[in-house]
Amino acid sequence: MEQRAQKELLELFRDAVKVGGAALEMRVRRFASLVRASDEELALSIAPLVSGTRALRKSTAPAATSPVDADSRLPLVRVQLPDSHAPEPVLAGEAQQQIEQVIKERHAAERLEAAGLMPIRSVLMSGPPGVGKTMTAAWLATQLGLPLYTLDLASVMSSFLGRTGANFRAVLEHAQREPCVLLLDEFDAIAKRRDDDADVGELKRLVTVILQTIDDWSPLSLLVAATNHGELLDPAVWRRFDLTVNLPLPAYEQRVSALLSREIPLSLAQVVALLSEGQNMSSLMRAVESSRKQQILSGTPFEETLISWASSLAGADDVSEREQRAARRDAKIFLRHLRGESAREIASLVGVSHTTVIRTVSRLKEAEDGRT
Ligand SMILES: Nc1ncnc2c1ncn2[C@@H]1O[C@H](COP(=O)(O)OP(=O)(O)OP(=O)(O)O)[C@@H](O)[C@H]1O
Ligand SMILES: [Mg+2]
């Protein structure tokens, strides 16, 4: 192409991308991939204008910069670099598939874009506390090789000082320039404080900015919003996200998997999982950790503390009453065994046969030995 025309065209693309956002950016990228065969030089000069998902794939070294407050120079977001040791969250089947889909689409972004399709750009995760929303965002960032920027919307909205709007925009702009996963935590905060008298005008504008941002989000970075109160968000907000992922409290299978992932032997994991229905993953994992600490600090066997914790929990209804009762009985037998009571003593106290005690103990014991 003639040089002046090419320069003009590049200017046009640059402006188009600047004002037109994600959709135009994608078309420009498509144009570049169409002309690549006939005019490689042109295609190469277009590339930096739409560094989009192309940069995303190249970004093995994540940006070290993070947006800062203009006055204080304090960081506006929490930055976590991708960590190859980040543990994988244990998720229920559907959520698991959705998260895999996000990773798959982001990895195939270029092919999708060449076909005029956009990879998933925004994800809304909802669910009760401690089920892995934050952890899943970190996992996504790691899988995509991107830094995770976390912005707690609740604190942004409550520390409202006029500058918040500007700071917030700075964060969004930054995330649209540097490939990252931007986590807007406590996203339901945008639904609250709406009718707060003092700041209402400014807050409303901020909410508008947030919603507009989701609409125009470029595929360069992945936007993840997390909320414990999905019910507070109106359907118009839900609809704006490319994907909504529901993370419920973990079911029995997930509780077993999570315990297994922490090297708890199967039979013990099953007993603990049966007794811990209704618990979130966070409490379950904390119980495992504190049981381990207990063993180191006071010598109480790890299994004893963990089973005691599980036995102290209130009943459940996702597992049958019969299974619950059996698990409680197993727990009781095993605990007494760990405390040094004889099979005969246990049998008479728990009201089962001597052989049942021996069988239960050896089942749980076998697993215990298999741990190392
Ligand atoms: N699905 C999960 N699989 C494995 N571990 C989990 C899972 N969910 C939570 N955990 C454990 O609990 C910790 C806290 O979880 P996380 O902060 O991701 O929960 P959250 O859903 O973001 O909670 P909140 O709503 O309170 O922010 C994690 O660091 C991890 O140790
Ligand atoms: Mg969280």
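Student: What is the strand order of the open sheet of six strands, and which kind of pairing does it have?

Tutor: In this predicted model, the open sheet runs in the order β1-β3-β4-β5-β2-β6, and its pairing is mixed.

Student: What makes β1 and β6 the edge strands?

Tutor: Strand β1 (78–80) and strand β6 (243–246) each pair on one side only. On average, neighbouring strands of the sheet are turned by 20° against each other, direction ignored.

Student: How do you know that β3 and β4 pair?

Tutor: Pairing requires at least two bridges between two strands. Strand β3 (residues 148–152) and strand β4 (residues 181–185) are joined by five bridges and therefore meet that requirement; they run parallel. Asp-152, for instance, has Asp-185 in β4 as its bridge partner.

Student: Why are α12 and α14 called roughly parallel?

Tutor: The axes of α12 (residues 266–275) and α14 (residues 302–311) cross at roughly 25° and come within 8 Å. Angles under 35 degrees count as roughly parallel, and the two helices are therefore described in that way. The crossing of α12 past α14 is left-handed.

Student: Which residues make the contact between these helices, and what are their classes?

Tutor: Helix α12 contributes Leu-268, Val-272 and Leu-275, while the residues from α14 include Phe-302, Glu-303, Leu-306 and Trp-309. By class, the contact has eight nonpolar, one polar and one charged residues.

Student: Where does pLDDT stay under 50?

Tutor: The pLDDT stays under 50 over residues 52–63, for which the model has 34 contacts beyond four places in sequence. Residues 367–372 are also below 50. The protein chain averages 82, with 86% of the residues scoring at least 70.

Conventions
Residues numbered from 1 in each chain as written. Chains lettered and ligands numbered in written order. Predicted model: local features only at pLDDT ≥ 70, side-chain atom pairs only at ≥ 80, totals over all residues. Heavy atoms only, no water. Helix = DSSP H or I, 4+ residues; strand = E, 2+ residues; numbered from the N terminus. Axes fitted to C-alpha atoms, helices over the stretch in contact; angles between N-to-C directions. pLDDT = per-residue confidence, 0-100. Contact = heavy atoms within 4.5 Å. Parallel < 35°, antiparallel > 145°, perpendicular 65-115°, else oblique. Left-handed = near helix turned anticlockwise from the far one by under 90°. Nonpolar A, V, L, I, M, F, W, Y, C, P; charged D, E, K, R; others polar.
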